[in-house]
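Please look through the sequence and the structure shown here before reading on.

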Amino acid sequence: MTTSATPTHCPYCALQCGMNLTPVPGGGVEVSERVDFPVNRGALCGKGRTAPVLLSSRLRLTSPLVRNAGVLEPASWDEALARITEGLSRTRTEHGPDACGVFGGGGLTNEKAYALGKFARVVLGTSQIDYNGRFCMSSAAAAGIRAFGLDRGLPFPLEDIPRTGCVILVGSNLAETMPPALRYLTELKANGGTLIVIDPRRTRTAEQADLHLAPRPGTDLALALGLLHLVVAEGRTDEAYIRERTSGWEEARAAAMAHWPEYVERITGVSVPRLREAVRLFCAPKDAMVLTARGPEQQSKGTDTVGAWINLCLATGRSGRPLSGYGCLTGQGNGQGGREHGQKADQLPGYRKLTDPAARRHVAEVWGVDPDSLPGPGRSAYELLDAMGTEIRSLLLMGSNPVVSAPRAAHIEQRLKSLDFLAVADVVLSETAALADVVLPVTQWAEETGTTTNLEGRVLLRRRAVTPPDGVRSDLHVLHELAARLGVEKGFPTDPEEVFEELRRASAGGPADYSGITYRRLAEGDGVFWPCPAPGGAGGSEGSEGDSPVRDRSVQGRPLTDRTAEDRPAEECTGDRVHPGTPRLFLDRFATEDGRARFVAVSHRAAAEEPDDEYPVLLTTGRVVAQYQSGAQTRRVDELNAAAPGPFVEMHPRLAERLGAADGDPVAVVSRRGRAVAPARITPTIRPDTVFMPFHWPGEGRANNLTNPALDPTSRMPEFKTCAVRVETVT
C-alpha cells in the first residue's frame with residue numbers, strides 16, 4: 001500500500017470521475033478532490049465520496065465459498081477452482097460447449113472484459129457470452145452504428161456541452177444518475193444556451209430546463225417524429241448539409257410527415273404549442289445537441305426511437321459539426337469499453353463483428369488459434385438468462401447481479417436456480433452470488449490497476465492504491481487459473497498491463513482502435529480518446545480492413561478526424577508521430593462506406609404492452625441518487641442507505657386519491673409478470689397515468705419483478721421503461 005495520494009477514478013458511473021486516494025494511518029482510505037481532471041473538476045457525488053467504505057473486510061467477501069449440503073461454506077482457492085473446473089468440464093462433456101454460458105458486466109475493466117471474451121471463445125469454445133450492458137446502452141449503440149457506422153457514446157467531449165446553443169436531453173435525470181455532470185447543463189444556461197428536458201417526471205434535472213416535455217412513457221419515438229415533422233413543415237431543414245453529408249432523407253422525411261402535430265399530441269400527451277416551442281428553441285441557435293439516456297433506449301423499439309432523434313439532428317445539420325450532434329449518455333462505469341472488446345455476444349475486440357471473416361482472422365492470429373475454431377454469435381443477455389436450465393446448463397458470472405437487475409426478475413431467479421452449476425466472481429455476496437455453487441472473492445477498483453473507457457470514449461487508467469485483503473484474488477487471476485486447469489496454459493496473464501498490450505494488438509485497425517494507447521500515455525495525462533491507432537496506422541495488424549467502414553488505417557484519410565486535437569489537423573499525425581487520439585468524431589466524414597450519415601425511416605408503434613382495463617396504469621423505472629444499479633455495493637454503505645433506505649412507488653395525487661392511499665402507505669404494483677410492494681410517495685411531479693419505481697432493491701420491493709422482457713428486434717434490449725400495471729392498496 002502506498003503512503004501518498006494515488007490519482008485514480010471512481011468505480012461507479014460512466015463519468016469515471018477523477019479522485020485521489022490516500023491511506024489513513026491505522027487503516028482505511030481517504031478520498032480527496034482531483035481538481036485537475038477535466039471531467040468532474042474535483043466534484044464527487046455521495047457514492048464516489050463513500051466508495052472506499054466497501055474496501056473494508058467486514059463488508060465484502062474475503063474467502064471463496066462452496067456449496068455443501070445446500071449451504072455456502074468457506075473453502076480454499078484450490079478447492080473452489082477445482083469445483084468450477086469440474087462443473088464446466090462436466091457440462092462440456094455431457095452437453096457440448098454451448099451449454100456453458102458466460103455473463104459479464106459493464107463495470108469490468110477493459111482488460112477483464114477482453115480476457116473474459118477470450119476465455120469464453122478460446123477455453124470453453126462457447127458462443128454463449130453476453131453482459132449486463134445489453135440492458136443499458138445497446139439500443140443507442142445499434143442506432144449509432146446504423147446511422148454513423150460507429151458507436152461511441154459521445155462523439156465529442158463533455159466540455160463541448162456548455163458551449164452549444166441548445167441541448168435536448170431525452171430520458172435522463174443527470175442530477176441523480178451523474179450529479180457531477182449537472183454542472184455542464186447549468187453552465188450551458190449561464191452561457192445563454194437553452195435546455196429542453198424530456199421525461200414523464202419533473203425530476204431534479206427537469207427543474208433546470210427552459211422547457212420540460214412530459215410524454216407518456218413509451219412514446220418518445222412519436223415525439224421525435226412529431227418534432228421532425230414540424231422542422232420540415234416550418235422550413236427549418238439544412239438542405240445543403242442533407243445533400244452533401246447524408247443519404248436516405250426522402251424516405252425518412254416521408255415517414256416523419258405521417259406524424260402531424262395533433263396526431264403526436266394524442267399519442268404523447270404533449271401539446272402542439274409545446275412541440276412548436278421545442279422546435280423553435282432547438283433550431284434557433286447555430287449549434288445544438290440531442291443527448292439520450294435510458295428513457296428512450298430501454299424500449300422494445302429503442303433502436304428506432306434513438307434513430308428518430310438522430311434523424312432530427314441530421315435534418316437540421318447538427319451531427320459532424322463542432323459543438324453539435326447526437327450523443328448517448330452511457331451509464332455503467334465501463335459501459336463504453338465493456339461493449340468494445342469482446343464480452344458481447346456478437347463481437348470481437350476492437351468493436352469488430354464476430355461474423356466478419358477478416359475480423360476473425362485478425363483476432364485469431366493475435367490469440368494464436370485457428371479462425372475456424374472461434375464460435376459464432378450467441379444469445380443476447382436476456383435470451384441467455386432465459387435459456388438457463390434448458391439450453392444453458394452451467395454459468396460463469398462476473399460483475400453482475402441479474403436477480404435484481406434483469407427484467408422479469410423472479411423468473412430469472414428461478415432460471416438461475418435451475419442450473420446444473422453456477423459460479424460467481426464478485427466483491428460482495430450479491431443476491432445472485434447467494435444462489436451459486438461456488439463464489440470467488442475478487443479485487444475491486446482501488447485494489448487493482450486497469451483501464452476503463454468513459455462515456456466520452458476517453459480511455460483512462462485506474463491505479464491500484466491499496467493492497468487487497470488476504471484471500472482475495474483478481475478476476476484476471478481467476479481466468480488464468482481456470483484456463484490452465486481446462487487445458488490452456490498460456491494466453492491468460494494476470495498482469496493487467498500485459499493484457500492491455502494484447503488488447504492493443506487485437507483492436508488495431510478495428511473501429512475501436514486502441515493500438516496507439518499505452519499505460520505510460522494514460523499515466524502521464526487525462527486519458528486518450530479512441531480511435532487512436534499506433535504510429536504507422538495499423539498497429540502491426542494485417543488483413544483487418546474488412547471488419548469496419550474505416551478502410552484507411554493510416555491517420556491521413558481516416559473518416560474519424562479531429563481538427564482540434566492538440567490544435568493541429570490529424571493529417572499531420574502520420575508516419576511515426578504519436579496519434580493524439582480523437583476527441584471529436586465525424587468532423588470530415590462519417591464512418592460509413594461512402595462517408596455519409598444514414599437517415600433511417602422509422603414510424604411510431606405502440607409499446608409491447610399497453611394499459612387496459614385490468615392493468616390501467618403505466619410503470620416506468622429508474623435510479624435514485626444514493627444507490628447504484630442493483631445496489632449490491634451501495635446498499636452496504638450506511639450513509640447511502642440513510643439517504644435512500646428502500647424502494648417506493650411514486651404516484652400523482654389524483655391516482656393516490658382514487659386508490660385511497662396516503663403518503664407512506666404500502667401499495668402493491670402488479671403486472672402480468674409479478675408483484676412488488678413499497679410505500680407510496682405522492683407528488684404532483686409525475687404524470688397521473690404513470691407510476692415510478694427505483695430498481696435497486698431485492699425482496700418484495702423488487703421493481704424488476706414487474707418489467708417486461710419484450711426485446712428490441714435489433715439491439716435485443718428489454719423494455720424496462722414501460723409496462724402496464726395496476727396499483728392496489730395493501731392492508
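A crossing of two helices is called left-handed if the near helix is turned anticlockwise from the far one by less than a right angle, and right-handed if it is turned clockwise. The model described here is a predicted one, and the crossing of its helices α3 and α19 is left-handed.

**Two helix pairs**

Two packed helices are described by the angle between their axes and the distance between the axes. The table sets out these values for two pairs.

| Helix pair | Angle between axes | Distance between axes |
|---|---|---|
| α3 (residues 110–124) and α19 (residues 475–485) | about 15 degrees | 10 Å |
| α4 (residues 138–148) and α13 (residues 302–315) | roughly 45 degrees | within 8 Å |

Helices α3 and α19 pack at an angle of about 15 degrees, and because angles under 35 degrees count as roughly parallel, α3 is roughly parallel to α19. In their contact, α3 contributes residues including Leu116, Phe119 and Val123, which meet residues of α19, among them Leu476, Leu479 and Leu482. Sorted by class, the residues of this contact comprise 8 nonpolar, no polar and 3 charged.

Helices α4 and α13 cross at roughly 45 degrees, which makes α4 oblique to α13. The crossing in which α4 passes α13 is right-handed. On the side of α4 the contact includes Ala140, Gly144 and Phe148, while on the side of α13 it includes Gly302, Val306 and Ile310. By class, the residues where α4 meets α13 are 8 nonpolar, 5 polar and 2 charged.

**The sheet and the helices on it**

Strands of a sheet pair through backbone hydrogen bonds, either parallel or antiparallel.

Which residue of β7 is the bridge partner of Phe103? The partner is Asp130, and the strands β6 (residues 100–104) and β7 pair in the parallel sense over 3 bridges.

Note on methods:
Residues are numbered from 1 along each chain as its sequence is written. This is a predicted model: local features need pLDDT of at least 70, side-chain atom pairs count only at pLDDT 80 or more; totals for chains, interfaces and linings use all residues. Side-chain values use heavy atoms; hydrogens and water are left out. Axes are lines fitted to C-alpha atoms, for helices over the stretch in contact, and angles run from 0 to 180 degrees between N-to-C directions. Helices (H or I, at least four residues) and strands (E, at least two) are DSSP runs, numbered from the N terminus. Angles under 35 degrees count as roughly parallel, over 145 as roughly antiparallel, 65 to 115 as roughly perpendicular and the rest as oblique. Contact means heavy atoms within 4.5 Å. Ala, Val, Leu, Ile, Met, Phe, Trp, Tyr, Cys and Pro count as nonpolar, Asp, Glu, Lys and Arg as charged, and the others, Gly among them, as polar. Two strands pair if DSSP finds at least two bridges between them.
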